[in-house]
Structure formats: structure tokens, C-alpha cells
Amino acid sequence: MAVLLPRTLPAVASLRAEGCPVAEDPAPTDGTLPRRRTLTVVLVNLMPYKASTEADFARLLANGPQDVRLLLAVPDGYVTTATPADHMARFYRPFFDLPLARIDAVIVTGAPVETLPFDHVFYWDGLRRILDWLDAARMPSLHVCWGAQAAMHHYHGVEKHPLRRKRFGLYPHMPMGSGHGLLTGIDLPFHMPVSRQSETRLEDLVRRPGLRPVLTAPVAGVGLVRDRARPAVYCLNHPEYGPRRLPEEFARDRKAGREIDPPAGYDAGLRRPQVAWQTAARTLYRNWITEIAATDPRTSADVALDWLLRAQLSGSTAPAGSPCRLQ
């Protein structure tokens with residue numbers, strides 16, 4: 001299937017050049033979305049280099065079982081100097097300005113703020129509002145790297161622990177226990193890119209019955225966690241990274257004078273681990289989208305009741321087959 005991206009988003013051209021199934025979305029991002037069987041996913045993008053992150057996530061969402069529309073958002077109070085202002089103005093909206101009644105899932109990315117206490121992050125209040133809304137709406141969500149740490153801290157009080165040196169590279173992860181639907185079809189070990197200045201410790205998770213660790217690595221630690229109380233997945237690492245992101249990040253950090261080792265487990269001359277990571281990442285996201293599609297409220301009888309109530313209140317008749325999520 002295809003991923004539908006905002007019109008003229010730079011990622012459209014680059015992904016088409018890769019042969020990725022991508023299309024420009026005719027739907028407006030500031031109004032009601034078309035009523036069609038397309039899953040709508042909001043990317044709350046906190047990464048500094050927005051364009052590359054947009055392409056990374058769109059590449060994986062394009063491999064789902066049905067079309068996925070991607071909307072781009074930031075928390076209230078968020079500003080950035082790493083991405084041009086015209087890009088932000090054209091393609092991004094504050095999260096609560098989006099048509100939230102019509103979305104199906106949310107992805108919250110990582111952010112380069114791991115060395116700060118959570119409440120010292122300038123958009124922390126705005127992000128907490130999003131997390132509270134996700135919880136109240138029972139909205140499926142996927143939280144990545146610092147975004148995962150932030151969500152587990154907000155929902156469960158889990159702390160992050162600083163590392164002496166950046167943990168960086170491609171690390172093999174193995175499952176904890178069995179019956180993890182997200183891992184269906186993935187050859188193990190799951191080689192996953194890691195780029196973190198802090199860690200979430202397994203002993204902090206096992207003391208919280210609301211969290212279920214899914215993947216862990218001997219050196220890199222916890223990689224994937226499910227929330228037992230809400231439809232949330234916490235991915236502490238970066239399976240979404242494109243094939244060149246690790247060496248590019250290494251070169252960028254070195255140029256900036258930061259202390260960083262070459263990416264562990266990554267060798268441009270040895271393709272097998274890199275190919276295995278990208279295949280596993282596509283399968284992971286496909287499994288996640290499949291889960292969301294299987295529980296899509298638009299496939300239930302509640303849709304008819306939803307529209308009946310709305311028709312009564314508005315005095316109008318809803319078009320047949322029109323999906324809507326109650327707020």
C-alpha cells in the first residue's frame with residue numbers, strides 16, 4: 001500500500017526515487033479529512049532535522065497493510081532553529097489544531113534533550129497535554145527514544161539514567177518471553193540502531209506491573225516495551241533510521257566536536273546486519289499498523305450509533321459509510 005504525504009513535502013520526491021509507494025495527499029491538514037478507509041497517523045516530530053525524520057517514518061508506514069495518511073505536528077510552545085521556518089509553516093500544525101476526531105494513531109519521535117530533566121524541556125507542558133489526550137482518547141501510540149522515556153515517565157514515573165558516553169551503533173536485541181505480536185515475522189536477533197545519551201533500566205520496569213518489556217540487548221539494554229494499561233508502545237531505539245543515518249550522525253557529531261565512537265556493529269562493507277535491521281523495521285511497523293487496522297472503530301457497529309447521535313444533534317443526515325471517532 002502507499003503512504004500519503006502533504007503536498008510538496010520534500011520527502012515525496014526522495015521516497016519516489018527509492019521506489020517507495022508514496023503519494024501526495026489531496027486532503028487539507030486543517031479541516032475535516034476525507035471519509036475513506038485510510039488510516040491517519042500523526043507524527044509529532046521533535047527531531048531537529050525534520051525532513052530526514054519525515055522520510056524515515058514515511059518509508060516504514062508505506063509498507064503497511066493499507067494506505068496511511070501522515071500528518072505532521074508539534075506540541076504547543078515548540079520552536080526550532082534546525083529546520084527552516086518556511087518548512088515548519090507549510091507542513092506542521094500544533095497538535096490540537098489538527099482534526100483529532102479523525103485520526104487513528106500517533107507517533108511521538110525522539111529529541112536531543114536527554115541530558116535535561118523532563119520538566120526543564122521548554123515544550124514539556126505541551127507534550128504532557130498530548131500524552132494526557134492520548135490516554136483519555138485511548139489512542140494507539142508509538143513513542144520513540146526520548147519520546148518513549150518521556151511517556152513512561154509521565155504515565156508510570158520511570159526515570160532515565162545518564163550514560164557516561166553516548167550509546168551508539170547497531171545492537172542485536174532478543175525478546176523477553178513469548179507472545180509478542182509486534183515481533184511476528186521478524187528474524188531474530190532484531191538488529192536495532194541505538195543513539196542515546198541515557199538509558200531506561202530493566203529493573204525500573206519490572207517493578208511496574210503496567211509495563212511489559214518486549215526486547216532487550218546485552219549491551220544496549222531495553223529496546224521495546226508495551227503498556228498493559230493503554231494502547232501504547234515504547235521503542236527506546238531507532239529502527240526507523242534510514243541505511244545511512246548512523247554514519248551521517250557520526251560525522252555530524254564529530255564535526256560538532258562531540259565525543260562519539262564509530263557506530264558499534266555497523267560496517268558499510270558488511271551489508272547483512274544492515275539489511276536485517278531494515279527488513280525487521282518494516283515488519284515491526286507493518287505489525288503495528290495491522291494491529292491498529294484490526295481494532296479500527298470504523299469497522300464496528302458503534303459507527304452507526306455515532307452518526308445517528310450526530311445526525312440527531314445537528315438535524316442532518318450523515319453520508320453512508322462515513323467514519324468518525326468519538327472525542
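## The largest pocket

What volume does the largest pocket have? The largest pocket has a volume of about 700 Å³, in a model that is predicted. Here a pocket is an open set of points on a 1 Å grid over the protein atoms alone, where a 1.4 Å probe fits and protein lies on both sides within 12 Å along at least five of seven lines. The volume is the space filled by probe spheres set on the points.

Lining residues have an atom within 4 Å of a point. There are 31 of them, and the closest to the centre are Pro-48, Ala-111, Pro-112, Val-113 and Arg-258. Two or more residues come from each of α2 (50-61), β9 (190-199) and α7 (245-255), with α7 giving the most, four residues. Helices (H or I, at least four residues) and strands (E, at least two) are DSSP runs numbered from the N terminus.

Glu-291 sits in helix α8 (residues 271-294). Beyond four places in sequence, Glu-291 has contacts (heavy atoms within 4.5 Å) with Gly-181, Leu-182 and Arg-226.

The mean pLDDT (the predictor's confidence in each residue, from 0 to 100) is 87. Over residues 307-327 pLDDT stays under 50. Where pLDDT is low, the predicted coordinates should not be read in detail.

Residues are numbered from 1 along each chain as its sequence is written, and side-chain values use heavy atoms, leaving out hydrogens and water. In this predicted model, local features need pLDDT of at least 70 and side-chain atom pairs count only at 80 or more, while totals for chains, interfaces and linings use all residues.
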